[in-house]
Every structure is written in C-alpha cells, then in structure tokens.
Amino acid sequence: MAVGNYRKATVLTSEFLTPNLKRVVLTGPDLSNFPCGYESGYVKLLFTKQGRVLREDEAFEQLTKKNIMMRTYTVRAFDKAKAALTIDFALHSAEKGVAPASDWAKSASVGDEIIVGGPGATKLADPDAAAYLFVGDMTALPAISCNLEYLPTTARGNVIIEVCSEADIHSLKKPDNIDVIWLVNPTPGKNSQLLEAIKNCNGLSEKPFVWCACEFETMRIIRRYLKRERHFEKQDMYISSYWKYGCTEEQHKIEKRTDAELEG
C-alpha cells in the first residue's frame, strides 16, 4: 500500500491513558520509510464516507468512487527502529458514526488495519522564545506534549489545558520551570474556561510565545483578546482551531479557510 504518502499500518498496542484519551501505536512494513522528526505534525487516517475504516483491498475502488474521507491526528511519536507510529486520540462522546476516527480508536485492537496518509508539517513553538504559554483542549494535548518534550530544560512558562474530567488529568514530561494549569470542562466546545485562565495567567505580562489550539469559536475569542487587548503580533504566537463544535472536519476546513481570509 506504500503509494505516495499513503501507508498501510496495523495496530501494535492500544491502551487508555485516561478515560477520554486513547493511545494507539501503529506498525508495519510500510512505516519503515516514514520520516523522522515529525512529532507535533499530523497524519491523515482514511475512512469511507459511511464512517468505516478504509481497507487496503478496496482502496482503489473507493478512491475511484470518491467515497473517501480523512481525519487529521497529531504524530505523538515515531520510533524508526521499530517502525512504530504513536497517535493519541481525544475521544468523543458523540453519537456513533459522527466521529469515525474516535469510534475506531475506542475499539482498536492488536492487528486491526488502517491506512495512514502524511506526515504533514510540524507545529512547534519558537525555540528561541524567552518564555512560553501553551493553551489547548484535549485535541491539542498530543501536540502540546510534543512541544514540551522538545523545549530546552531551562525553558519557563505556563501550560493551560482543558480536559473533560478530573480523571483525564495526568503527569506531563516537561521542563521544571513550566507550570501546568488543568481545567475541567465536561462539555467540550461549550463553556470553555480557557480565555479566563489566560487573563489570569501571571506570565502573560512577559509577552511569552503563545501556542494555542482548541475549538474554532474559542480560538477566535482567544485570538481577538491576544491581538486587540494584549497587542500580540502574528510572529508572537501560533494559534489554530483543531475542530468546530457541531461540524465535521470537512465543514470545519471551510470555516477555517473563510476565517483566515477575513483575518488576513
């Protein structure tokens, strides 16, 4: 299946890190040429439009019919020696079929197959920043974790992470001078506390490099605050939406494109 950037992979291990975070490690011969250094970048997981994982033996037929949809996930880790690709899934409580990748991850077991596309560009914070502020919900947790592991041991700053339950709070590998604030919000996409936590963050006055990824509307509110009230420039931050409440990934992409054009 190793055609272009598409590779067949099988599940090596599958485990819950927390009630709403599932780690799936993929492997297989096709991953032997997966490039190194793409942690915090992304891959695409392939499904049919009916929400079923795409099989290798039907890929050509389904592509011909344009019966394909992709779901984007962060590269959490890649072990070249073991050809092992790690993906952490923020699990959704939506009705079955609405979130095909989440549904697949919940029940993924050793030997299950999936087709992986990519990888895409990394999303790392400025390595030369004097201080940092990382902000995100559970969808951004894998990328934030990658960022923290790439920082020098002398890095300082804050991390604000919104999770679905107290049971989703867990230890992160990070520099000693990076402080983590956990927020619990059982209704992701609604009633976000991220903006209020940013306003109350003592480190914001130092003008840290801000890395932020979360739900679309929450992202827009945070971006507006940072730009208009705290006067952050574009080069001072990476800010993006990873999803939009009530929308599929395809719908979210359209919203992101429109927003980017309006934002300039």
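**Around R223**

Me: What does R223 touch, not counting residues up to four places away in sequence?
Reply: R223 touches I239, D259 and E263, where contact means heavy atoms within 4.5 Å. Before we go on, this is a predicted model, where local features need pLDDT of at least 70, side-chain atom pairs count only at pLDDT 80 or more, and totals for chains, interfaces and linings use all residues. Residues are numbered from 1 along each chain as its sequence is written, and side-chain values use heavy atoms, with hydrogens and water left out.

Me: Ok. Is R223 buried or exposed?
Reply: R223 counts as buried, because its relative accessibility is 12%. Buried means under 20% relative accessible area, exposed over 50%, partly exposed in between (1.4 Å probe, protein chains only).

Me: And which helix is R223 in?
Reply: R223 is found in α5. Helices (H or I, at least four residues) and strands (E, at least two) are DSSP runs, numbered from the N terminus.

Me: Where does R223 sit in the second largest pocket?
Reply: R223 is among the residues nearest the centre, along with K234, I239, A260 and E263, and 15 residues line that pocket. A pocket here is an open set of points on a 1 Å grid over the protein atoms alone, where a 1.4 Å probe fits, with protein on both sides within 12 Å along at least five of seven lines; lining residues have an atom within 4 Å of a point.

Me: Which elements give two or more residues to the lining of that pocket?
Reply: They are α5, β12 and α6. β12 gives the most, with five residues.

Me: Switching to α6. Which of its residues are buried?
Reply: E249, H252 and D259 are the buried ones. Seen down the axis of α6, they fall within an arc of 80°, so they line one face of the helix; the arc is that of the directions from the helix axis to the C-beta atoms.

Me: What do those buried residues pack against?
Reply: They pack against β3 (42-48), β4 (68-74), α5 (216-229) and β12 (237-243). On the other side of α6, I254, E261 and L262 are exposed.

Me: Last one, T18. What does its side chain make a polar contact with?
Reply: The partner is the side chain of D168, at 2.5 Å. A polar contact is a pair of N or O atoms within 3.5 Å; within protein, one must be able to donate a hydrogen and the other to accept it, and residues adjacent in sequence count only if both atoms are side-chain atoms.
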